[in-house]
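Welcome to this short briefing on a protein structure. Take a moment to look it over, and then we can walk through some of its features together.

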Protein chains: 2
Amino acid sequence: MPMTCARVNSLGTSTASSMEITHIISETRDLLRQARAEGKRVGLVPTMGFFHEGHLSLMRQARKDNDLVVVSLFVNPIQFGPSEDFRDYPRDLDRDARMAEEVGVDMIFNPPVEEVYRGGHNTYVNVRKLTEGLCGAARPGHFLGVTTVVLKLFNIIQPDRAYFGCKDYQQLKVIERMVRDLDVPVEIVPMPIIREPDGLAMSSRNTYLNPDERKAALVLSKALAYGQELLSQGVTSGEELRRRVEEFIGKEPLAEIDYVAVVDVEELDALAEIKDKAVLALAVRIGKTRLIDNMLIAR
Amino acid sequence: MPMTCARVNSLGTSTASSMEITHIISETRDLLRQARAEGKRVGLVPTMGFFHEGHLSLMRQARKDNDLVVVSLFVNPIQFGPSEDFRDYPRDLDRDARMAEEVGVDMIFNPPVEEVYRGGHNTYVNVRKLTEGLCGAARPGHFLGVTTVVLKLFNIIQPDRAYFGCKDYQQLKVIERMVRDLDVPVEIVPMPIIREPDGLAMSSRNTYLNPDERKAALVLSKALAYGQELLSQGVTSGEELRRRVEEFIGKEPLAEIDYVAVVDVEELDALAEIKDKAVLALAVRIGKTRLIDNMLIAR
């Protein structure tokens, strides 16, 4: 008998499949209302799907911490720019559902776009300053789309905890700030970057890379390691460190730098001098694929 | 024995005074957590204090509909423009507390500014379009301040229902739209305008009026009645009705028009032709005091 048959799911019903897949907000709320009334703790993992080990690590942690684990799976159009990859973003709900069920997820919330952005949608959440540099500079409107959809998901699911990977470090800090500034009653749990054995940070967008690009993409994680090495050797000038990491990446012919930044861990301000630690953050195009990565570097 | 001694308040404790006054978010949440766990329904009346019958009517309705009634009392600096009356806005917590307790309020949440806007506050909620006309045009940034603080209050109190008066009709519509667009789990309950016996809409700002201005201020409610009369007589052109109401107000020497508008009930777009109904909305300065009023007019 497969595990999923034996398992009584946390929504309180015993079914052949223990995982619910919902598409409609009201239906999702109805299912969660009873669990919440019973005092069950809800963990949310917001995703755009096409799961990799990074996503699964968030779900596993959520499974450990909570009575009920909800994964939202929604490719959010308003966080993509007009020339970006919204249409091409990889999607495979069946595969995602199998993977999520295997790690014990109770519910996937997979709404259609028109359920999330209903006619006349005109409300946006803006975290100023933190969203202006790094990916925010390269992708205008991106974080407005992220914060708006994440706040909606928080309001729909009303989780006790929500899990975000550190690969999107600026996103994590922006969401933490939104939650603090708007007093959203949720605990944000940051989770470490999960990497391929050779060091490439896991990303759904890695599927865009052809074999040559896949090799070239290693330049990101290698550049981060090089940045830590420089700091360990006493390069504490943020600007010098940044420039030398840029030079390092510049040696890879398939790489085109979007940004290299040495920033404060909380405020994401560029650091002139690294006192104890910094975040070294990168966005690099490998062919047509824009990849990001970052590392906490410390003296 | 005074009523407040006999009464066991809805927070579950019996005390000489049945009403709590809180100032700190965490303390407020702690008090509400237990009530919510017991399945009690919470009604919120967001206010800037200096209560009049308009506020009290909201509290009485909240008392009827809910197990627990919370009134927030916070003069929100970010919804005032630099030349507006934030400093002069009337405040009297003792008077307000007595009035609220008399109508059965369980808790007043009265935070200091630095508890609401903590260092580095940088997150704002923007409802586009609906906020651009009427009072939004005259008071840039006003609604950004309103929506941001109201969402914060919703997140702090997590009410089942929240009560707003129709005098601030644009505010009501903006908040309804924010709640819908962001899937905020709260029911917005609109409440009718409460007027003085002679027709003046109640407002904390009426206290600014000297006796001559108080008389002149009647021009607002009279202009609204005149607008309904015009529509009943067959004046269905929004522009003609608007112009004739402006002329009516223009006869009052102490009145200076900010706007007169004939708008759609939901979208607040100016109506060229009134099909069945419209909102006639006014903002008029009487001396230095800016007053607003509105009426649903129908054929």
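Which residue just after H8(B) takes a positive phi? That residue is Asp183(B), with a phi of about 55 degrees. Please keep in mind that this is a predicted model.

**Two copies and their interface**

- Chain B can be laid on chain A by a turn of 180 degrees and a shift of 0.0 Å along the axis, with an RMSD of 0.0 Å.
- The two copies are therefore related as by a two-fold rotation axis.
- In chain B, Val125(B) has the C-alpha nearest the axis, at 2.3 Å from it.
- The same surface serves both copies, as 100% of the contact residues of chain B recur in chain A.
- Where the chains meet, 29 residues of chain B are in contact with 29 residues of chain A.
- About 2,600 Å² of area is buried between chain B and chain A, and carbon and sulfur atoms give 43% of this area.

**Salt bridges**

- Side chains of opposite charge can pair when their charged atoms come close.
- Over all chains, the structure holds 48 salt bridges.
- One of them joins Arg205(A) to Asp85(A), with the closest N and O atoms 2.8 Å apart.
- This pair links distant parts of the chain, 120 residues apart: Arg205(A) is in the loop between strand E7 and H9 of chain A, and Asp85(A) is in the loop between strand E3 and helix H4 of chain A.
- Arg205(A) counts as buried because its relative accessibility is 17%, and Asp85(A) counts as buried because its value is 14%.
- Across the interface of chain B and chain A there are four salt bridges.
- Asp183(B) and Lys152(A) meet in a salt bridge, at 2.7 Å from N to O.
- That pair crosses between chains, from the loop between H8 and strand E7 of chain B to helix H7 of chain A.
- Asp183(B) has 5% relative accessibility, so it counts as buried; Lys152(A), at 1%, counts as buried too.
- Arg242(A) and Glu246(A) also meet in a salt bridge, at 2.6 Å from N to O.
- Because Arg242(A) and Glu246(A) are four residues apart in helix H11 of chain A, they are separated by about one helical turn.
- Lys129(A), Arg177(A), Glu267(A) and Asp269(A) are linked in a network of salt bridges.

**Lys152 in chain B**

- Lys152(B) has its place in helix H7 of chain B, and at 1% relative accessibility it counts as buried.
- Leaving aside neighbours within four places in sequence, Lys152(B) has contacts in both chains, including Asp183(A) and His121(B).

- Helix H8 of chain B has 13 residues, so at 1.5 Å a residue it should span 18 Å; its end C-alpha atoms are 18 Å apart, which agrees.
- Because 11 of the 13 residues of H8(B) are buried, the helix is largely enclosed by the rest of the structure.
- Among the buried residues of H8(B) are Tyr169(B), Leu172(B) and Val179(B).
- Helix H10 of chain A has 15 residues and reaches 21 Å from its first C-alpha to its last, close to the 21 Å expected.
- The buried residues of H10(A) include Leu218(A), Ala223(A) and Leu231(A).
- Helices H9 and H11 and strands E8, E9 and E10 of chain A are what the buried residues of H10(A) pack against.

**Positive phi values**

- Most residues other than glycine have a negative phi.
- Lys129(A), in the loop between strand E5 and helix H6 of chain A, has a positive phi near 65 degrees.
- Gln158(B), in the loop between H7 and strand E6 of chain B, has a positive phi near 50 degrees.

**Cysteines**

- The count of disulfides over all chains comes to zero.
- Cys166(A) is in no disulfide, and the nearest cysteine sulfur, in Cys135(A), is 14 Å away.
- In chain B, the sulfur of Cys135(B) is 14 Å from the closest cysteine sulfur, in Cys166(B), which is too far for a bond.
- Cys135(B) is buried, with a relative accessible area of 8%.

Key. Residues numbered from 1 in each chain as written. Chains lettered and ligands numbered in written order. Predicted model: local features only at pLDDT ≥ 70, side-chain atom pairs only at ≥ 80, totals over all residues. Heavy atoms only, no water. Helix = DSSP H or I, 4+ residues; strand = E, 2+ residues; numbered from the N terminus. Expected span 1.5 Å × (residues − 1). Buried < 20%, exposed > 50% of the residue type's maximum accessible area, 1.4 Å probe, protein only. Disulfide = S-S within 2.5 Å. Least-squares fit on C-alpha atoms with pLDDT ≥ 70 in both. Contact = heavy atoms within 4.5 Å. Buried area = accessible area lost by both parts, 1.4 Å probe. Salt bridge = Lys/Arg side-chain N within 4 Å of Asp/Glu carboxyl O.
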